[in-house]
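Please look over the sequence and the structure shown below before reading on. The report that follows is written for someone meeting this structure for the first time.

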Amino acid sequence: MTSIKGIAASNGIAIAKAYRMEAPDLSFDKKEIESPEQEVERFQSALATSKNELEKIKDHALKTLGEEKAEIFSAHLLVLSDPELIQPIEDKIKTENVNAEAALNETANMFIDLFKNMDNEYMRERAADIQDVTKRVMAHLLNVTFPDPALIDEEVVIIAEDLTPSDTAQLNKQFVKGFTTDIGGRTSHSAIMARSLEIPAVVGTKEVTATINKDDMVIVDGIAGEVIVHPTDEQIEEYKGKQAQYEEKKQEWAKLKDEPTVTADDKHVELVANIGTPDDVDGVINNGGEGVGLYRTEFLYMGKNQLPTEEEQFEAYKAVLEGVGSDKPVVVRTLDIGGDKELDYLDLPDEMNPFLGFRAIRLCLERDDIFRTQLRALLRASVYGNLKIMFPMIATLGEFRQAKAILLEEKEKLQNEGTEVSEAIEVGMMVEIPATAVIAKQFAKEVDFFSIGTNDLIQYTMAADRMNERVSYLYQPYNPAILNLINNVIEAAHAEGKWAGMCGEMAGDEIAIPILLGLGLDEFSMSATSILPARTQILSLSQEEMTSYKEEILSMDTAEDVVEFVKSKTGQK
């Protein structure tokens, strides 16, 4: 038995055998061959196997992810059936007497370079298709495993260095019982997606890929942040008991599903959910969410080979608004690409520090063709519910004004075209940058609301990358510097009669919730699975009492002092 410590990223306990998800080694030597005919047959066999896999993935995606995401794999199948690609590979094998790996690699790279340099955006996007499918064929030529999370059809725990958001989006919780990674933190996107999917996860372990082999029995304790490899029979029984206890607790929370979120002294606050796709709406409803506090629209753009159309976006936004209900708020964040969220088809330049670079509103203001398409789709959908739009990564008033001006231009265009647009849309912004929090008074005069994005606000204030487990000790939500910035934003909003929410993971944190109540936060937005535990906690807290501790907490020296104080006042262990 081996015990590995990590960061508890998503609650729950998983017990299953290990499935290693790792990029295969596709290196090879170029060789001269004796029988070109046999080599062509070997290539055709790898091609056929790849097509069969893609057909299965496409069918699975159609059932679980919908027609839009399944179309990606239709495009990949077309590439593998294209004689313009396949014939030159076979010709190269026959005329140059080279092995299939070399013929595939050289031909594919020629086409990838050709397509990447074309002026037509659609044709440039085909380069990514060719790259993806030829890697799959190469893996079969080399007889190495190509990981496909969408094809997992037995109960497993995924072991990986890291999982991309699109990897995590493909996980089927029926079979993927949990996952654990070497890197990442509680606010990494794979962790956030795990909570949305209700899959137990432990991240930032540094060593699971070096320690755990395929088919090893593994326990992932997403509550304690521990991974147990080769557990004994007694440990398996012990953790099955813990699983049952956790399920009982969830049933207790479920009794509060339709109850309002009120404190012990009868003050109402709004508990809403963070979502990534329209499919997440069921989770919001099932967990008693009072709306959506953050719709991460970038997932509409990810896992694809091209930008989503206005119509595709409109249908997604409409589905969320209608699914949540016309009386409940839906706060939609405009495209936030950058940092650890990349789009291959945009071909953005590599940056030394992408988290501080060309991302979010900065990209949208420069590529306003992308931005305007999204805003038109949102405005068209606005009549189907209670839409609120917020702009991410705002650093200056000029950026907010420019973004809002573009929104108003598109609204006027739509109305001139005879398209109905809601007149009740609130327009706000995320507060993620310390400079914005410092001068929140100036912003509060022009915005309709603030939503504090603590995941980035904390890493920027503490100068500590939240994806780097080596500096994870500096990811301190309770640090007095962070709490004073949050207080500044809430006070600025209230002074102008505006509301302030929080959509970072801190909003669902049991130590932070009493503090945020005391600071006067109006809206708490979190993973849907955190809503009922948070509601249970808030019911037991007096906002008046928490407010009485405000000045004392804000003047404390360290995060540790704050934690000890809150625990002493709320009876937390």
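The model is predicted.

**Two packed helices**

Two packed helices are described by the angle between their axes and the distance between the axes. Helix H13, which covers residues 368-381, packs with helix H14, which covers residues 397-416, at an angle of about 55°, and their axes are 9 Å apart. Because of this angle, H13 is oblique to H14. The crossing in which H13 passes H14 is right-handed. On the side of H13 the contact is made by Asp368, Phe371, Arg372, Leu375, Arg376, Leu379 and Arg380, while H14 contributes Ala403, Ile406, Leu407, Glu409, Glu410, Lys411, Lys413 and Leu414. Sorted by kind, the residues of this contact of H13 with H14 comprise 7 nonpolar and 8 charged ones, with no polar residue among them.

**Salt bridges**

Side chains of opposite charge can pair when their charged atoms come close.

| Pair | Distance, N to O |
|---|---|
| Lys267 and Asp265 | 3.8 Å |
| Glu310 and Arg376 | 3.0 Å |
| Arg376 and Glu410 | 3.9 Å |

In the pair of Glu310 and Arg376, the side chains meet in a salt bridge. Glu310 lies in helix H11 (residues 310-324) and Arg376 lies in helix H13, so this pair ties together parts that are 66 residues apart in sequence. Glu310 and Arg376 are both buried.

Arg376 also meets Glu410 in a salt bridge. This pair links distant parts of the chain, with Arg376 in helix H13 and Glu410 in helix H14, 34 residues apart. Arg376 is buried, and Glu410 is buried as well. Through salt bridges that share partners, Glu310, Glu311, Asp368, Arg372, Arg376, Arg380, Glu409, Glu410, Lys413 and Glu417 are joined into one network.

As for the remaining pair in the table, Lys267 is partly exposed at 36% relative accessibility, and Asp265 is partly exposed at 22%.

**Two residues with positive phi**

Most residues other than glycine have a negative phi. With a relative accessibility of 53%, Lys206 counts as exposed. Asp215, likewise not a glycine, has a positive phi of about 75° and lies in the loop between H8 and strand S7 (217-221). Asp215 is partly exposed, its relative accessible area being 40%.

Note on methods. Residues numbered from 1 in each chain as written. Predicted model: local features only at pLDDT ≥ 70, side-chain atom pairs only at ≥ 80, totals over all residues. Heavy atoms only, no water. Axes fitted to C-alpha atoms, helices over the stretch in contact; angles between N-to-C directions. Helix = DSSP H or I, 4+ residues; strand = E, 2+ residues; numbered from the N terminus. Parallel < 35°, antiparallel > 145°, perpendicular 65-115°, else oblique. Left-handed = near helix turned anticlockwise from the far one by under 90°. Contact = heavy atoms within 4.5 Å. Nonpolar A, V, L, I, M, F, W, Y, C, P; charged D, E, K, R; others polar. Buried < 20%, exposed > 50% of the residue type's maximum accessible area, 1.4 Å probe, protein only. Salt bridge = Lys/Arg side-chain N within 4 Å of Asp/Glu carboxyl O.
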